[in-house]
Amino acid sequence: PLDPASSLPQSFLLKCLEQVRKIQSDGAALQEKLCATYKLCHPEELVLLGHFLGIPRTPLSSCPSQALQLTGCLSQLHSGLFLYQGLLQALAGISPELAPTVDMLQLDVADFATTVWQQMEDLGVAPALQPSQGAMPTFTSAFQRRAGGVLVTSHLQSFLKLAYRMLRYLAQP
Amino acid sequence: ECGHISLSTPIVRLGDSVTASCVINQNCSRLGLDAQILWKLGPELQPGGRQQRLPDGTQESTITLPHFNHTQAFLSCCLNWSNSLQILDQVELRAGYPPAIPHNLSCLMNLTTYSLTCQWEPGPETHLPTSFTLKSFQSCQNQKDPIPDCVAEDGQSHCSILRKHLILYQNMGIWVQAENALGTSTSPQLCLDPMDVVKLEPPMLWTVGPSHAAAPAQPGCLLLHWEPWKPSLHMSQKCELRHQPQLGGANWTLEGPLPTKTLQYELCGLLPATAYTLQMRCIRWPLPGHWSNWSPSLKLRTAEQVPI
């Protein structure tokens with residue numbers, strides 16, 4: 001297995017940290033708008049609906065610093081980002097006011113996934129084929145898309161929090 | 001049609017020759033017209049038309065303008081009719097140059113619109129309608145994944161690629177193609193990551209004190225506060241300060257990089273009871289970027305020296 005500390009270029013880690021901060025900022029902006037416009041401010045009120053809609057979460061279990069398995073961690077990071085890219089695309093048509101924010105968030109998540117995938121290829125640990133998007137939840141009403149927006153963003157923020165901690169650990173001199 | 005002009009080419013290089021022929025058909029000439037065909041370039045008659053009667057009875061005149069030095073002119077085919085020159089057909093001639101190779105291509109990433117704006121030097125005037133197209137690919141090595149062409153508006157030497165066409169943090173290949181009726185030229189390719197050409201807006205700089213009179217922690221010092229440009233808050237950056245006493249001919253003094261954790265800085269070593277102009281700028285760092293412009297000036301005055 002790859003030695004985490006030395007195998008990742010510092011510029012890659014700095015770019016990732018910057019991208020995470022940007023996505024977190026995009027996500028916060030979306031959460032603020034969902035709360036201000038539709039009073040959907042608490043993801044915990046939507047857990048049941050989340051189960052019903054089948055909004056998945058993705059682990060970063062290979063990433064904790066005490067047991068960091070770099071290839072597995074990068075792969076989970078990419079898979080997670082790829083999943084959130086799909087989930088955000090599934091929110092298409094959420095509302096005209098939110099669409100620009102969702103589009104920016106989705107583009108930034110997609111670019112971060114590309115950054116990670118490019119690094120995996122550079123390290124020679126990328127699978128031969130790019131992953132394909134699995135089944136996505138189907139939102140059948142405007143409310144479900146908004147609630148889905150709250151849940152997806154909330155899950156994404158938690159995911160990014162873990163990723164940021166891992167990247168900071170790897171980036172420390 | 002009474003008469004019809006046909007051209008070798010309506011657009012030539014300045015100074016090249018142009019050949020035109022005009023055919024006057026029978027029903028026009030049977031009106032008893034003096035069938036001598038005359039040529040006018042703009043207002044001036046042009047000698048040298050070679051005229052012949054074709055087998056079908058029509059008259060044809062051919063003329064060659066050896067060195068066409070106008071960027072634009074009308075060529076008319078005429079007949080003399082009861083002492084007045086009758087225009088039977090007219091064509092527009094244009095001349096100019098093929099586009100030079102566009103140069104000095106450079107790009108800046110705008111964090112407000114999140115678009116990549118590239119600009120270039122178009123080269124000398126071609127005198128012809130010339131289009132400039134920004135061509136780009138999501139890779140520098142190959143021309144896979146082309147990005148939609150960005151066509152500059154007429155007369156403009158810049159174009160902006162929208163965020164949705166960009167993959168940030170990946171290198172992309174960009175060049176400019178210039179094209180007019182006389183040819184096409186292509187600039188050298190730029191290979192860049194859009195995020196590495198971010199140019200930040202200046203930070204906001206103000207004093208901590210309630211009014212313009214600074215509230216220095218100690219004499220000869222000024223306590224400053226600043227805030228990075230909001231759209232760049234997610235970027236690690238470094239900033240520098242410059243200050244200049246408002247005394248005739250004084251130079252700027254540069255301070256920096258300023259610590260970015262605390263957005264506050266105590267500037268000391270200044271002259272007492274003196275008005276200062278202060279400005280600040282920031283740059284994405286340690287990742288690549290461009291310095292912002294200097295912030296608007298902040299004018300402050302240091303306190304009087306306390307008599308000992």
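How do α4(A) and α6(A) run relative to each other? They are roughly antiparallel (an angle over 145 degrees; under 35 would be roughly parallel, 65 to 115 roughly perpendicular and the rest oblique).

## Before you look around

This is a predicted model, in which local features need pLDDT of at least 70 and side-chain atom pairs count only at pLDDT 80 or more, while totals for chains, interfaces and linings use all residues. Residues are numbered from 1 along each chain as its sequence is written, chains are lettered from A and ligands numbered from 1 in the order in which they are written, and side-chain values use heavy atoms, with hydrogens and water left out.

Helices (H or I, at least four residues) and strands (E, at least two) are DSSP runs, numbered from the N terminus.

## Helices of chain A

Let's go back to that opening pair. Helix α4 of chain A covers residues 70–90 and helix α6 of chain A covers residues 142–171; they pack at about 155°, with axes 11 Å apart. Axes here are lines fitted to C-alpha atoms, for helices over the stretch in contact, and angles run from 0 to 180 degrees between N-to-C directions. The crossing of α4(A) past α6(A) is left-handed, meaning the near helix is turned anticlockwise from the far one by less than a right angle (clockwise would be right-handed). On the α4(A) side, the contact (heavy atoms within 4.5 Å) includes Leu77(A), Gly80(A) and Tyr84(A), and on the α6(A) side the residues include His155(A), Phe159(A) and Met166(A). Sorted by class, the residues of this contact are 13 nonpolar, three polar and no charged. Ala, Val, Leu, Ile, Met, Phe, Trp, Tyr, Cys and Pro count as nonpolar, Asp, Glu, Lys and Arg as charged, and the others, Gly among them, as polar.

Helix α6(A) also meets helix α2 (residues 10–38) of chain A: their axes come within 9 Å and cross at roughly 155°. So α2(A) and α6(A) are roughly antiparallel too, and α2(A) passes α6(A) in a left-handed crossing. Their contact has 16 nonpolar, eight polar and four charged residues.

## A disulfide in chain A

Cys35(A) and Cys41(A) form a disulfide, with sulfur atoms 2.0 Å apart; the rule asks for a pair of cysteine sulfur atoms within 2.5 Å. The torsion about their S-S bond is about 85°, so this disulfide is right-handed. Over all chains, the count comes to eight disulfides.

## Strands of chain B

Over in chain B, three strands make an open sheet in the order β10-β11-β14, with antiparallel pairing. Strands pair if DSSP finds at least two bridges between them. β10 (103–110) and β14 (158–161) of chain B are the edge strands, each with a single partner, so one side of each has no neighbour in the sheet. Neighbouring strands are turned by 20° against each other on average, direction ignored. Four bridges link β11 (residues 115–121) of chain B with β14(B), and Thr117(B) has Ser160(B) as its bridge partner.

There's a hairpin to find as well. Strand β6 (residues 50–53) of chain B runs antiparallel to strand β7 (residues 59–65) of chain B, joined by four bridges. Gln52(B) stands opposite Glu60(B). Five residues lie between these strands, and Gly57(B) in the hairpin takes a positive phi near 90°.

Asn104(B) isn't a glycine, yet has a positive phi of about 55°; its place is in strand β10 of chain B.

Two cis peptide bonds deserve a look. One joins Gly256(B) and Pro257(B), with omega about -5°, and Pro257(B) sits in strand β21 (residues 253–258) of chain B. Another joins Trp285(B) and Pro286(B), with omega about 0°; Pro286(B) lies in the loop between β23 (275–284) and β24 (298–301) of chain B.
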